Amino acid sequence: MSQARPHPLESDFVRDQLALRAVTLNEVRTQPEGEYVLYWMQSTHRFEENWALRQAVLHADRLNKPLLIHQGLDPTYEHASDRIHTVILENARALHARAAALGLSYQFVLRRRRDDDRRVVDRLAARAALVVTDRFPTAGIAERTARFAERAPCRVDAVESHGIVPSGAFVKEEYAARTIRPKIAKLLDLALEPVEDRPAARALPDAIWRSLEVDRLDLDRLDVAAEVARCEIDHTVPPVPFASGLDGARARLHAFCDDALADYAERRNEPSDTAGSSRLSPYLHFGQISAAEVLRTVRAAGYAESAAKFQDELVTWRELALNFCLRNPEFGKLKGLPDWVHRTMAAHTDDPREAIYSLEQLERAETHDELWNAAQREMVRTGHMHNVVRMLWGKSTLLWTARYKHALEHLIHLNNKWALDGRDPSSYGGIQWCFGKFDRPWFDKPVFGVIRPMSLARAREKFDAEAYIRMFPR
Ligand SMILES: Cc1cc2nc3c(=O)[nH]c(=O)nc-3n(C[C@H](O)[C@H](O)[C@H](O)COP(=O)(O)OP(=O)(O)OC[C@H]3O[C@@H](n4cnc5c(N)ncnc54)[C@H](O)[C@@H]3O)c2cc1C
């Protein structure tokens, strides 16, 4: 008699990955009388290659319980706006359409106004055996989850699905790309092993669905624009064209592999070339596609040299930023910077500035430099800012405030309010890089001190700045 093949979710590989990705956040036990396992989807808005979902399925089957997947959207997250709400709601509609085919019970609750029912997750957790959620250090998710875990009546596990290499493989804060790169190189191919997913063995009974007194959003008849208009959020940040969801992400990925990957190393340096890089960062930020799927697809497309450059951005720099935000609680403050940066800032804090701009002037793109203004306008109008001008945008702002602290706060505010990929670990990694994070000291200069300088004037010699400025006119 042939032996049944163990399911891939029961493999040593999955067990090892989960051991490095999952943390238990409270000391409450699993509740045997709980009616289901709850997966509270917060940052990984997909069913594929979702390690928290895998953990939830495994536990549901071990406990012989059904699995309930819950996603909620509140008006209270920082920078809640039409732009971000639209992306999340459009993706929820796509998830709902796929859930039934995958055998998953998925529900979405929209809290439109601040005084609407704010205890939905608590009420769902009250009847759960175990809650599994996403582990994500930014966008207020870690704090919200920690508060929830303190009051939850059952065990709460948080599982990271952001990186390809599990974040637990890096046990301390990494110093720079050159320190994390060799560690990633040893683990990456193994971590890319595909896993066959499955739904929980037991379906959620209708009786439980009906008895859950939560006002589920009707995703079959969802009018996204109308719902967004009813929400108590910032309506001055409008939606931008963006094909939200896994299908949109895959279409973008394949277009990039077909049209731009071959010349990625050069084209990514030209800001007026809107197709020169993948533009996948919002999809990756919202967890609509896994970084592992992106990398496997890029590797399979050929162009080994370009794929290696792309991998360095997608894995080394992205996972360095994740490691920074997971391991350093000061990731959004000057305190998150190394000692040499503090010393040079102290020495240059009173240097005269060529200009000082308020947050409002910066937000309205009212500086003396049209290249900087065009970068700011690109982000406000499209939700995206090209990587090359993003570095210049950050470095120049450092020069244009009375105190370094103000520059950091202004950049975080603008980036997280307007960029579709904002509020991500890479937001903090990228912005703090402008202040010397992950870098080494350079030559001493006014205001920059020994932080690596970058100049808008010199940049004009390296790419077609005028073409870029024409794309985002006043
Ligand atoms: C001041 C500043 C702010 C930034 N803010 C953000 C942000 O809010 N969100 C964000 O995702 N990235 C941010 N970055 C990093 C980078 O600019 C963007 O990830 C990249 O421009 C996204 O475009 P793309 O998807 O076409 O990138 P591609 O060149 O196609 O790269 C592929 C993927 O690799 C990752 N990646 C690329 N460059 C970096 C990098 N330097 N650091 C970390 N990950 C990287 C992204 O996920 C990106 O989608 C910032 C960089 C700077 C200097």
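Me: Which helix gives the largest share of the shell around the ligand?
Reply: That's helix 19, with seven residues. Helices here are DSSP runs of H or I, at least four residues, numbered from the N terminus. By the way, this is a predicted model: local features need pLDDT of at least 70, side-chain atom pairs count only at pLDDT 80 or more, and totals for chains, interfaces and linings use all residues. Residues are numbered from 1 along each chain as its sequence is written.
Me: How many residues surround the ligand?
Reply: 29, and the closest are S277, S278, N387, S427 and G430. A residue is near a molecule if its C-beta atom, placed from the backbone, lies within 6 Å of it.
Me: Which elements give two or more residues to that shell?
Reply: Helix 11 (281–285), helix 13 (304–327), helix 17 (387–399) and helix 19 (425–434).
Me: And how do the shell residues divide up?
Reply: 10 are nonpolar, 12 polar and seven charged. Ala, Val, Leu, Ile, Met, Phe, Trp, Tyr, Cys and Pro count as nonpolar, Asp, Glu, Lys and Arg as charged, and the others, Gly among them, as polar.
Me: New topic: what domains is the chain divided into?
Reply: Domain 1 (1–327) and domain 2 (334–471), with bounds from an automatic or database domain assignment. The shell around the ligand draws at least three residues from each.
Me: How many residues are in contact between domain 1 and domain 2?
Reply: 29 residues of domain 1 are in contact with 24 of domain 2, where contact means C-beta atoms, placed from the backbone, within 7 Å. On the domain 1 side, helix 13 gives the largest share, seven residues.

Conventions
Contact = placed C-beta atoms within 7 Å.
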